[in-house]
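Trainee: Could you take me through one part of this model in close detail? I'd like to see how a single spot sits within its surroundings.

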Amino acid sequence: MVHGVPDAAESTSAAPRRQVDAVLFDFHGTLAQVEDAVAWVIAAAAACGSTIDRGKATILADRLVTAGRAGGPLPRRVPIHLAEHWADRDLYEHSHRAAYTGLAATVSTDVEGLADALYERLLAPDGWLPYPDTEPTLRTLHDAGIKVGVVSNVGFDIRPLFAAWGFDGLIDAWALSYEVGRTKPDPAIFLRACGMLGADPERTLMVGDSPADAGAVQAGCAALVLPAAEPGRPNGLGASLALAGCAG
């Protein structure tokens, strides 16, 4: 779904194709996906010195995801003692950690320290899987001289992940909610990203996977909303290259 970009029929008979000088990308669900939930639990337990068989890990993973996993579906309920941290999770690092470790702690387990170990997986490159088309898309834009920014509702620094993957040199600016003090779909975070890049919003494309990313339209940008894919599967990022006027 493309917002603010004329379709093919319009572009052939009316205004010329929109020119793009910069592309903004969402992080989770757009450039990378969290690791498989069972692998997440097994790895976190191992970090605590415990070995969990796959059957037990599968049951535990299901309960933890239901309770609320960062990068997973929204929790069915948030305990009252975590409500404030939950509301602020994308604005403050301490609230992000407290919200997700607190939710994990609501699930009974005999692995001491598991809630914290699960959160630490979120901060590690191994806890994420970049989509197969992420690196080629970013590199094509970079090589074409198009500025690239990451705009994310997130409560921790994702730059080390990109550095570990070798992608950091392909990103020109980072508008992270906990640093900017605004969350998508607030137009201010998109305008901040454009300012960091020195780009006119009218010549900027935002690529994401949710209605919040489409909020970029209110800032004057075009928006391409793609469906989030499973880890390891292409998710259509190449469509951004066509809109930016780059060969895929």
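**A close look at Thr134**

Mentor: Keep in mind that this is a predicted model. Let's start with a polar contact: a polar atom of the Thr134 side chain sits 2.7 Å from the backbone oxygen of Leu31. Thr134 belongs to helix α7, which covers residues 134-143. Is Thr134 buried or exposed? Its relative accessibility is 1%, and since anything under 20% is called buried, Thr134 counts as buried. Setting aside residues up to four places away in sequence, Thr134 touches Thr30, Leu31, Phe167 and Leu237.

Now for the nonpolar cores. The largest one takes in 43 residues, and Val23, Phe25, Phe27, Trp128, Leu141, Ile158 and Phe162 have the most contacts inside it. Take Phe27 from that list: with neighbours within four places in sequence left out, Phe27 is in contact with Ala32, Trp128, Val150, Val151, Ser152, Ile158, Leu161, Phe162 and Trp165. Another core, of 20 residues, lies apart from the largest one, and its members include Val38, Val41, Leu64 and Ala117.

Helices α5 (93-104) and α6 (114-123) each supply at least two lining residues, and α6 gives the most, with five. Sorted by class, the lining of the largest cavity comes to ten nonpolar, three polar and three charged residues.

How values were computed: Residues numbered from 1 in each chain as written. Predicted model: local features only at pLDDT ≥ 70, side-chain atom pairs only at ≥ 80, totals over all residues. Heavy atoms only, no water. Helix = DSSP H or I, 4+ residues; strand = E, 2+ residues; numbered from the N terminus. Buried < 20%, exposed > 50% of the residue type's maximum accessible area, 1.4 Å probe, protein only. Polar contact = N/O pair within 3.5 Å; in protein donor to acceptor, adjacent residues only side chain to side chain. Contact = heavy atoms within 4.5 Å. Core = buried A, V, L, I, M, F, W, Y, C linked by side-chain atoms within 4.5 Å. Nonpolar A, V, L, I, M, F, W, Y, C, P; charged D, E, K, R; others polar.
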